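Colleague: I'm new to this one. Could you take me through the spot where the ligand sits, and what lies around that spot?

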Amino acid sequence: MVEQTGNIDALLQEERRFPPPEEFARKANIRDPGVYDEADRDFEGFWARFAEELHWFKKWDKVLEWDPPFVKWFVGGKTNVAYNCLDRHLGARRNKAALVWEGEPGDWKVYTYWDLHREVCKAANALKSLGVRKGDRVTIYLPMVPELAIAVLACARIGAPHSVVFGGFSIEALRDRINDSQAKVLITADGGYRRGNVLALKGNADASLEGAPTVEKVLVVRRTGTADDQMVAGRDVWWHDLVDAQSAKCDAEPMDAEDILYLLYTSGTTGKPKGIVHTTAGYMVGTYATAKWVFDLKEDDVYWCTADIGWVTGHSYIVYGPLANGATTVMYEGSPDYPDRDRFWAIVEKYGATICYTAPTAIRTFMRWGEEFPKRRDLSSLRLLGSVGEPINPEAWMWYWQNIGGGRCPVVDTWWQTETGQILIAPLPGITTLKPGSATRPFPGIQAEVVDEAGVPVGAGQGGYLVLQRPWPGMLRTIYGDPDRYVEQYWSRYPDTYFTADGCKRDEDGYFWLLGRVDDVINVSAHRISTMEVESALVDHEAVAEAASIGRSHDVKGQAVVAFVTLKESVPASDALVAELKQHVATKIGAIARPDDIFFTAELPKTRSQKIMRRLLRDVAEGRALGDTTTLADPAVVESLKAQYDDDE
Ligand code: PRX
């Protein structure tokens, strides 16, 4: 069952309440609490009304076909997501800023809808010239440059599913993802800027392509000027050579509602990343609707989501959701502390951002840095704040509310997943009374429940598993190439019910309080890392016999990766080896998975049925079970520790 911690009891005693500020509520898009009941009475009709606001080449015949766990939305409809994000706005909004981009060195660029449409059409024609056809997969491995958003939309325009791989991922992680999706083209860059340094990407991309035979062409963006001598003749083409020469006219491909829009790889409980499949119409409607209602998007908003497009948050709420709404979306390349720790607030000030959507891990970092940095800047343009990626602790919520929002901006804590595609639990800021630390209520039309092992709803204040009992348009359709895993992972625990793998409690008002993952996924700085992935990276090192990894709570990152390692007999433990193993994990997976601590242990503590005793390891890592972890190297210590735990955990 879900672990119940003192922390959560503290959360439930959270007494502070924040009704929508009067001024905000008066102007909010959604002011009538009746929307919840209305959506419940006819959830298909609810979503269809949003769909009707969008453009269709052919209208759908049927809103929903639900053959659990397989779903189809807007059956028979033909549409194009890029058309809805661009062409639909070329009338009244053609001169409106669509994408406001700022590079880390301070360069910046504004694309109007007209500009963005032109660039996307050219990029789409460029992809076609490289042999990309409808249905071909394109892997995108780019820093946060405008070409990333353009490339994504260009793929959508021609019906080539994109697979964006976060620029911080390693050579092997990239290669695995290319191979799993059998991508035909890779789009990358020479490098990007991060904390004043050049983050080289082209070398990684080249290395990953050794062993990725499906890639025929590589389209390379020149950003840092660091790979001019690395172009492979016959395979590599510069973006500025190819794309700039294309025609700016490219019709959007009419896509079937259920054609794949994109794949996005995420960590599950095994070492192999899952290619989450999102399709066209449902995803478009789900992100459009939630962006509009949760962020209360207005015509003159300047909306900034600080995520990287390499993660689902960037897909749904930098690119698709905001642009489908005709909003102005801001994109920033670099780190929050370059050249100084007020960079985010300088961006808010410079562009007059009205909405800022970020992660608790960032907020906790800002808290640690202190109030002086936001105070340096004029943040009075802000009217709404958002949070995503992990549970937000009430202290961080309050800090955000006070120091960034000036006590006037609702904070929408939004719960969702790569798999859900769209926000599912979040306030409607003009209606919902906020409680710091709670994602509040399911979005209208969503049916969420907290249940026990047997699938029975638990009472108020009881911990349980968060499940979803009704399909929603943005949901994943399958795992790419592995439908069995899709069924097994999400739908096998309870009949016709989606299992989120998140622990949750509801309070007496029906508010949802998320408690973190209940599977072997570690949430580091709002990004998912599987314990298995870390473990397989470690045992890949020649010194390691066996490894186990867990998540330990961390003040800033939410969770930190901690690993327990048994070395091969002849190998002596040393600090140098610890450093080497940490680096090995970073090289195999990416810096985000680098363990904070590695402990050597005589053997891994296991139950009689040979399951690793993770609760014991967590207690050790949190300092609850052993003062001096070096004693783990003594087999007698491990034995006596084991004796204190249930053998069947
Ligand atoms: O554990 C939940 C946590 O992040 C997981 C999903 O991670 P990912 O697929 O990488 O997507 C992150 C961005 C949507 C969830 O299973 N999570 C996400 N948002 C919240 C959250 N936990 C608590 N509160 C949230 N607002």
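Modeller: Start with Arg528: an N or O atom in the side chain of Arg528 is 2.7 Å from an oxygen atom of the ligand. On its own the ligand would expose 530 Å², and the protein buries 97% of that (areas by the Shrake-Rupley method with a 1.4 Å probe).

Keep in mind that this is a predicted model, where local features need pLDDT of at least 70 and side-chain atom pairs count only at pLDDT 80 or more, while totals for chains, interfaces and linings use all residues. Residues are numbered from 1 along each chain as its sequence is written, and side-chain values use heavy atoms, with hydrogens and water left out.

Around the ligand there are 17 residues, and among the closest are Asp413, Thr414 and Asp502 (near means a heavy atom within 4 Å). The shell has 6 nonpolar, 6 polar and 5 charged residues, with Gly counted as polar. H12, E20 and strand E25 (512-517) each give at least two of the shell's residues; helices here are DSSP runs of at least four residues, strands of at least two.

Thr414 in E20 stands opposite Val388, and E20 runs parallel to strand E19 (residues 384-388), joined by 4 bridges (pairing takes at least two).

Conventions:
A polar contact is a pair of N or O atoms within 3.5 Å; within protein, one must be able to donate a hydrogen and the other to accept it, and residues adjacent in sequence count only if both atoms are side-chain atoms.
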